[in-house]
Amino acid sequence: MKKIQQKIEIKPLSVLRQAIRGVTPNIAVKTRRIGGSTHQVSIAIRSTQGKALAIYWLLGASQKRPNRNMAFKLSSKLVDAAKGSGDIIRKKEETHRMAEANRAFAHFR
């Protein structure tokens, strides 16, 4: 939280909330095997599951960055996500695009 306070003059708790809210997905794809083929089926995600997935993505992306300590890496990812940029936002959009593209298989739920 101190690192976020140093980077931006906004309250760090609001940056954390905004980052998690911005990264939380609404829908996702799940692999289902029907007959002899495998389909990517789009499913709706509950808010708690979406928040858990968003936190998992934030921590995973922070761990992949080289060199610095974890506090610095996580604070920079949170600030990027709060601003609406970065690779985590891209991952959320990619997940939504995959779910939209495979909407035809929604009846396999």
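This briefing describes the fold, the side-chain contacts and some selected distances of one protein chain.

The structure is a predicted model, in which local features need pLDDT of at least 70 and side-chain atom pairs count only at pLDDT 80 or more, while totals for chains, interfaces and linings use all residues. Residues are numbered from 1 along each chain as its sequence is written, and side-chain values use heavy atoms, with hydrogens and water left out. The chain holds five helices and two strands, where helices (H or I, at least four residues) and strands (E, at least two) are DSSP runs numbered from the N terminus.

**Overall shape and burial**

- In sequence order, the elements of the chain follow the pattern α-α-β-β-α-α-α.
- The radius of gyration of the chain is 16 Å, whereas a compact globule of 109 residues would have a value near 13 Å; the radius is taken over C-alpha atoms, and the globule rule is 2.2 Å times the number of residues to the power 0.38.
- The C-alpha trace spans about 55 × 25 × 20 Å along its principal axes.
- Of the 109 residues in the chain, 32% are buried, where buried means under 20% relative accessible area, exposed means over 50%, and partly exposed lies in between (1.4 Å probe, protein chains only).

**Charged side chains**

- The count of salt bridges comes to one, a salt bridge being a side-chain nitrogen of Lys or Arg within 4 Å of a carboxyl oxygen of Asp or Glu.
- Lys 77 and Asp 87 meet through their side chains in a salt bridge, at 2.9 Å from N to O. This pair links distant parts of the chain, with Lys 77 in helix H4 (residues 70-83) and Asp 87 in helix H5 (residues 87-101), 10 residues apart.
- Lys 77 is buried, because its relative accessible area is 9%, whereas Asp 87, at 33% relative accessibility, counts as partly exposed.
- Lys 7 lies over the face of Phe 72, at 4.3 Å from the ring centre; a charge sits over a ring if NZ of Lys or CZ of Arg is within 6 Å of the ring centre and within 35 degrees of the ring normal.

**Nonpolar surface**

- Ile 55, Leu 59 and Met 70 make a nonpolar surface patch of about 220 Å². Patches are made of residues with over 30% relative accessible area and no salt bridge, with like charges joined within 9 Å and nonpolar side chains (Val, Leu, Ile, Met, Phe, Trp, Tyr) joined within 5 Å; accessible areas come from the Shrake-Rupley method with a 1.4 Å probe, and for residues only the protein chains shown count as cover.
- Leu 59 lies in helix H3 (residues 47-64) and counts as partly exposed, because its relative accessibility is 37%.

**Selected residues and C-alpha distances**

- Gln 18 belongs to helix H2 (residues 12-23) and is partly exposed, with a relative accessible area of 41%.
- Although Gln 18 and Ala 81 are 63 residues apart in sequence, their C-alpha atoms are 7.8 Å apart in space.
- Gln 40, in strand E2 (residues 37-44), counts as partly exposed at 29% relative accessibility.
- Gln 40 and Met 70 are 30 residues apart in sequence, and the C-alpha to C-alpha distance of this pair is 34 Å.
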